[in-house]
Amino acid sequence: MNRFLLPFGIFLVLLGFLFVGLKLNPREVPSPLIGKPVPEFTLPQLHEPAQAFSPQSMRGRVWLLNVWASWCVSCRDEHPLLVEFARSNPVAIIGLNYKDKPDDARAWLAQLGNPYALSVSDRDGRVGIDFGVYGVPETFVIDKQGIIRHKQIGAVTADALREKILPLIRELEQG
Amino acid sequence: MRALAAALLTILAVLAGPAAANVAAPTAQDPVAARRSVDLARKLRCLVCQNQSIAESNADLAVDLRRQIDEQIAAGRTDAEIVAFMTDRYGDFVLYRPPLKATTVLLWAGPALLLLLAVLVLRRALRQQAKTPAPAPLTEEERALAARLLREQAAPGSDRTQ
């Protein structure tokens, strides 16, 4: 009896590891940017290309940076949520229009609604690389000091919004 | 003859295909820089298709990152600086050879620990086996009993040769 106990114990431990592994998503790579200042950039605005935007202008405010593109399928999934979010307007969403044609992007927003305070065009994806973007859509929560506090990889879901993003925004607004 | 040539061509095409597809063409022109670029790209994981390096992948992001590598090589950055550029943005996960630090100790030491554990278990098992005494030689009575049993089994209608 005793000699089965050890292998059985090892088996249980292995089972535990595998079970936890089932629930992990290998596509969600933790960002090293959490807790770091938002990367500096200056990019033309999507709707007014003559005007530039830089994250410095958001100092003192909590804001979201949402990476999107008209070619991105999951962006369509999360879009209604963002539109709804913008309607109740807890904080501004800045759109980073990633590797997109401005005409396509503007048409996409005209068709589906524009939840963004403004969007900027990152045509060659360089700013995206600075943000460690690898799977559009991605959403960053940035605090008043310009520190990245959270990164949502993939589409924002109602659950993620309710359980993580909105409480975090409320907490950051206090600070 | 023509069929043979066609077969040879097919074989060549099959052989050449994967070799050419293995690494996407480097964009740098200078051969030394191109070599460095490919070597660096091989060390970095593509986050879109996670089991390929950015040298192998043709995902958009991999192409962009290869371009970054080429530009930074052209700008005179060292390999270490370029790798740091990548890990600052994408984390240690992009490295196929992760650095040794507190969070990765288990990753590096794990196989050695498992091997050590296996050796210890094996040693214990061997010692235990050595300790169990060899069976005592049979007594006269046991020998007689065994002989009788064997005879009985062979006896009825025996067609076996003794």
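A residue is called buried if 20 or more other C-beta atoms lie within 10 Å of its own, exposed if 12 or fewer do, and partly exposed in between, with C-beta atoms placed from the backbone. The structure is a predicted model, in which local features need pLDDT of at least 70 and side-chain atom pairs count only at pLDDT 80 or more, while totals for chains, interfaces and linings use all residues. Residues are numbered from 1 along each chain as its sequence is written, and chains are lettered from A and ligands numbered from 1 in the order in which they are written.

In chain A, five strands make up an open sheet with mixed pairing, in the order E5-E4-E3-E6-E7; strands (E, at least two residues) and helices (H or I, at least four) are DSSP runs numbered from the N terminus, and two strands pair if DSSP finds at least two bridges between them. Strands E5 (118-122) and E7 (148-153) of chain A each have a single partner strand and stand at the edges, so one side of each is left without a neighbour in the sheet. From one strand to the next, the twist averages 20 degrees. Five bridges link E4(A) and E5(A) in the parallel sense, and Leu96(A) has Val120(A) in E5(A) as its bridge partner.

Helix H3(A) shows two sides. Ala105(A), Trp108(A) and Leu109(A) are buried in H3(A). Viewed down the axis of H3(A), its buried residues fall within an arc of 95 degrees, so they line one face of the helix; the arc is that of the directions from the helix axis to the C-beta atoms. Their cover includes E4 and E5 of chain A. On the other side of H3(A), the exposed residues are Asp103(A), Ala107(A), Ala110(A) and Gln111(A).

The backbone around H3(A) also deserves a look. Lys99(A), in the loop between strand E4 (92-98) and helix H3 (102-112) of chain A, has a positive phi near 45 degrees although it is not glycine. Lys99(A) counts as buried because it has 20 C-beta neighbours inside 10 Å. Just after H3(A), Gly113(A) has a positive phi of about 95 degrees.

Pro137(A) sits in the loop between helix H4 (126-130) and strand E6 (138-142) of chain A.

Note on methods
Axes fitted to C-alpha atoms, helices over the stretch in contact; angles between N-to-C directions. Contact = placed C-beta atoms within 7 Å.
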